[in-house]
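Let us walk through this fold step by step, from the sheet to the cores and then to the charged and aromatic pairs.

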Amino acid sequence: MNKKYFLGILLLVGLLVPGLIFGKSGMMKVVNIKGKVMVKKSTNNLWGMVSPDMLLYPEDIIATKKMANVKIEVNKKVIEIGEEAVLELRDLSKDMPVSEQELFASLKQKEPEIVKQTLNKVPDLGSNTNRKTDLLNNQRNKITGIRGESGRNKPLIRPIWYERIDVMEYNGAKILYHYGYFHNSIRKCMNIIKEYPESKYVNEVYTLIVCSLNKLSCYEQSIRVKQLMMDTCNPVMRQ
């Protein structure tokens, strides 16, 4: 009798503990991978390859290269991160509201970041040589203020293994918009405009903010952003 009682307790714990762990920590799981997908783990602050069935945390960062995508299970929903995108997984946990004051104060800041110039000098990773590894390590040491260390309003995350970071951030913002994280999409767009004011995607980023505001029924703010876009954005020359 005691043995059956003990086995019953073990079975109950076995059923409950995984759910408690996932619910409490907000862990996510990789469902499917195609191509080269990288993850920056919060545990060691280093970039590495994503593997099938890998468990992820909200503090982790996902980045996909061209022709790559990854599907992640988040809160019993599968979210696909397409090619050339970078996302902090915390943005998939909860849509955090952005205040009107925060939005317009951010959009008026047009200071270019020196880190952008540094990133453009990162060599191509086509050939895996020691020299290029050393150069990347030097660049890593120079880049500071990675968002996620002490809050949402830190500068953008920067996967140094790829130089088209403004494109990747913009694609990440579009993914958030597609899955209904409108506030988080706006916040990501705010940071893109601040970090990369010379990006050829700035007009599209402003447009994405306008669309997100419309989805949130913030029509007055949407009109203000549209006017601000017309006042501050120059016509973009397409390559």
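Two strands count as paired here if DSSP finds at least two bridges between them. The model is a predicted one. With that criterion, four strands form an open sheet in the order 4-1-6-7. The pairing is antiparallel. Strands of a sheet pair through backbone hydrogen bonds, either parallel or antiparallel.

Which strands stand at the edges of the sheet? They are strand 4 (55–56) and strand 7 (77–81). Each has a single partner strand, so one side of each is left without a neighbour in the sheet.

Now take strand 1, residues 28–34. Strand 1 pairs with strand 6, residues 69–74, over five bridges in the antiparallel sense. Lys-29 has Glu-73 of strand 6 as its bridge partner. Lys-34 has Asn-69 of strand 6 as its bridge partner. Strand 1 also pairs with strand 4, again antiparallel, over two bridges. There, Met-28 is bridged to Leu-56 of strand 4.

Next, the nonpolar interior. In soluble globular proteins, nonpolar side chains tend to be buried together. The largest nonpolar core in this model has 31 residues. Leu-103, Leu-107, Tyr-206, Ile-209 and Val-225 touch the most other members. Several elements each supply at least two residues of this core: strand 5 (61–64), helix 2 (100–107), helix 5 (165–178), helix 6 (182–195), helix 7 (202–215) and helix 8 (219–232). Helix 7 gives the largest share, seven residues.

Look closely at Leu-103. Leaving aside residues up to four places away in sequence, Leu-103 touches Val-98, Ile-186, Met-190, Ile-209, Leu-213 and Val-225. A second core is separate and has 21 residues. Its members include Ile-81, Leu-92, Ile-175 and Leu-176.

The charged side chains come next. Side chains of opposite charge can pair when their charged atoms come close. The structure holds four salt bridges. One of them joins Arg-224 to Glu-100, with the closest N and O atoms 2.6 Å apart. This pair links distant parts of the chain: Arg-224 sits in helix 8 and Glu-100 in helix 2, 124 residues apart. Buried or partly exposed? Arg-224 is partly exposed, at 37% relative accessible area. Glu-100 is partly exposed as well, at 36%. Arg-224 has another contact to note: this residue lies over the face of Phe-104, 3.8 Å from the ring centre.

Lys-188 and Glu-169 form another salt bridge, at 2.6 Å from N to O. Here too the pair links distant parts of the chain, with Lys-188 in helix 6 and Glu-169 in helix 5, 19 residues apart. Lys-188 counts as buried because its relative accessibility is 0%. Glu-169 is buried, also with a relative accessible area of 0%.

A further salt bridge brings together the side chains of Glu-88 and Arg-90, at 3.8 Å from N to O. Glu-88 is buried, with a relative accessible area of 3%. Arg-90 has 18%, and is buried.

Finally, the aromatic rings. A pair of aromatic rings is described by the distance of the centres and the angle of the planes. The structure holds two aromatic pairs. One of them, Tyr-177 with Phe-182, is edge-to-face, with 5.4 Å centre to centre and 65° between the planes. Why does Tyr-177 count as partly exposed? Its relative accessibility is 22%, and buried means under 20%. Phe-182, at 17%, is buried.

Definitions and conventions
Residues are numbered from 1 along each chain as its sequence is written. This is a predicted model: local features need pLDDT of at least 70, side-chain atom pairs count only at pLDDT 80 or more; totals for chains, interfaces and linings use all residues. Side-chain values use heavy atoms; hydrogens and water are left out. A nonpolar core is a set of buried Ala, Val, Leu, Ile, Met, Phe, Trp, Tyr and Cys residues joined through side-chain atoms within 4.5 Å. Buried means under 20% relative accessible area, exposed over 50%, partly exposed in between (1.4 Å probe, protein chains only). Contact means heavy atoms within 4.5 Å. Rings of Phe, Tyr and Trp (its six-membered ring) pair if their centres lie within 6.5 Å; planes under 30 degrees apart count as stacked, over 60 as edge-to-face and the rest as tilted. A charge sits over a ring if NZ of Lys or CZ of Arg is within 6 Å of the ring centre and within 35 degrees of the ring normal.
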